[in-house]
Amino acid sequence: MGLQFFINAILLGGLYALMGLGFSLQWGISGIINLSYGAMVVLGSYLSLVLFNTLGLDPFISLIFSGFILFFLGALVYRFSLQPLLKGGIVFTLIITFAIRLVIENIILLIWSADYRTIRVSYAGSSLQLFNTFIPLTKFLTFIIAGILVYFTYLFMMNTKIGKGIQAVALDKEGALAVGVDDQKMYMINFAVGTALAGITGSLWANIYSFSPHIIGVIVGKVFIIAILGGLGNIWGAAAGGILLGFAETSGATFIGSQWQEAIGLVIMVAVLLFRPHGLIGKKFFG
Amino acid sequence: MKDNNLLQIVNLNAGYGAIQVLWNIEFEIKHREIVCIIGANGAGKSTLLKNIVGILSPYNGQILYENEEITRFSSPERIKKGIGFAPEGRHLFFGLTVEDNLLMGAFQRKVDKKILREDLDFVYNLFKPLRGYRNKLAGNLSGGEQQMCTIGRALMSKPKLLIIDELSLGLAPVIVDDIVDTIIKLRNEQGISILIVEQDVQVALDIADRGYVLENGSVVMQDSTDKLAKNKHIKTAYLGVI
């Protein structure tokens, strides 16, 4: 029971870490609270569904397509709808991202209806066995891929030229301008990286859970909690926040009752806001 | 226009949105020249610098750099062309080490590591304390060391024109003397032109060859610093001589 609980929690937390990371980067670095994030995750799920139904592509492979398509969608959204209205302040970006969510949500409803969908790969029922505990294979692979992607995001930010430019605007925008970093380009790429992570999360989600436009709101709620737990724009913070939410929800479901699964995350978020408003890691970005 | 001008500004009007700050600015910097801009708070000194660097875009007028019009160039393009900028308030990346800050200064250059290594060495030889602190976070440096790091960061872009906003602000006089010596050395040995904005008019007049006096967004006077130092208006308004 103890080990099974731990494994369930950490497997869920791995997916949440990846899911929260994109949202946290967008908010913490580009300064955009992306209310369409949940819709972008679910869009990734449906892209994988289409590729699975037409070409029989495994979601572990189609996540590459979700990532690419959502990256370009994110770049376009930033360049043509967010950037021109940045001067309007945060309220404008909230309205726009909410509008984008409604557009994506209704397109999904039109094409695929509101029914819950699932993708069942041939190995969906297989499990690994560790002592007397079962680890579902799809969840295990999802955890590994999520971990690798979080680490790749970190490497991208630390070691590439664009990553360094993004670090620069995150740390000191005026300083970044002084050394010739194109700030808007960095915000755009960072936002697009965030939406790509959303799309990949969607593909991974589709391999484990059922999905429909109804879960968009639930996902937005979760990424808010993860980002706030970890501290905005902080990669390891978002990862820690995701794992923590995984543990919180699993303990809620295990010890109190599954109807409390969602509530316990919110309770922890309120506690963090009261006592550690900068998040548990408590540092902005790498600063 | 004369060919030996590195930078020339012709009839520049600029500001923030509807609020015009600079009026009909005429301005030039020759090769190997140190020029200072003096003026009270709100006179438009920093606004002028931001227009030269390209962080702000002017309403009209022309900015020429090496006889090429750069008025509509983006700030990364200008920095690539050789305009280095040490902004007011330093704006170092506090979360990064001193060396990473300096390397960030070379963001626009596409050169291999060996050349960057040599350029880092050049900066460390210029500002000796920085070498010892290369792996220390920039946020932990003292004010003077931070200013050295900011100027060093600007030098990493290999500028022909180095622009320093508020050189001495908040620094101890001994440190200011050190940095001033280094700047004069940079001009003499490297042939870099330098533009400084300085609150401490005495320091500005000591270091520069020529000066511009900015009042309410207009150039009201320009001359060699020797002559400016003797000017009655400068003496009473800026040097506190009665």
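## A strand pair in chain B

Val213(B) stands opposite Met221(B) in E10(B). The strands here are E9 (residues 210-215) and E10(B), which pair in the antiparallel sense over 6 bridges. Strands pair if DSSP finds at least two bridges between them. Helices (H or I, at least four residues) and strands (E, at least two) are DSSP runs, numbered from the N terminus.

This is a predicted model, where local features need pLDDT of at least 70, side-chain atom pairs count only at pLDDT 80 or more, and totals for chains, interfaces and linings use all residues. Residues are numbered from 1 along each chain as its sequence is written, while chains are lettered from A and ligands numbered from 1 in the order in which they are written.

## The sheet of 6 strands

In chain B, an open sheet has the order E6-E7-E8-E3-E9-E10, with mixed pairing. Its edge strands are E6 (83-86) and E10 (218-224), each pairing on one side only. Neighbouring strands are turned by 15 degrees against each other on average, direction ignored. Axes are lines fitted to C-alpha atoms, for helices over the stretch in contact, and angles run from 0 to 180 degrees between N-to-C directions.

Helix H6 (residues 143-155) of chain B lies across E6 and E7 (161-165), at about 165 degrees to E6(B). Contact means C-beta atoms, placed from the backbone, within 7 Å.

## The sheet of 4 strands

A second open sheet of chain B runs E2-E1-E4-E5, with antiparallel pairing. E2 and E5 (68-69) are the edge strands.

E1 (residues 5-16) and E2 (residues 19-30) of chain B share 8 bridges. They form a hairpin with 2 residues between them. Gly17(B) in the turn has a positive phi of about 60 degrees. Across the pair, Asn5(B) stands opposite Lys30(B), and Ile9(B) has Phe27(B) as its bridge partner.

Definitions and conventions:
Two residues are in contact if their C-beta atoms, placed from the backbone, lie within 7 Å.
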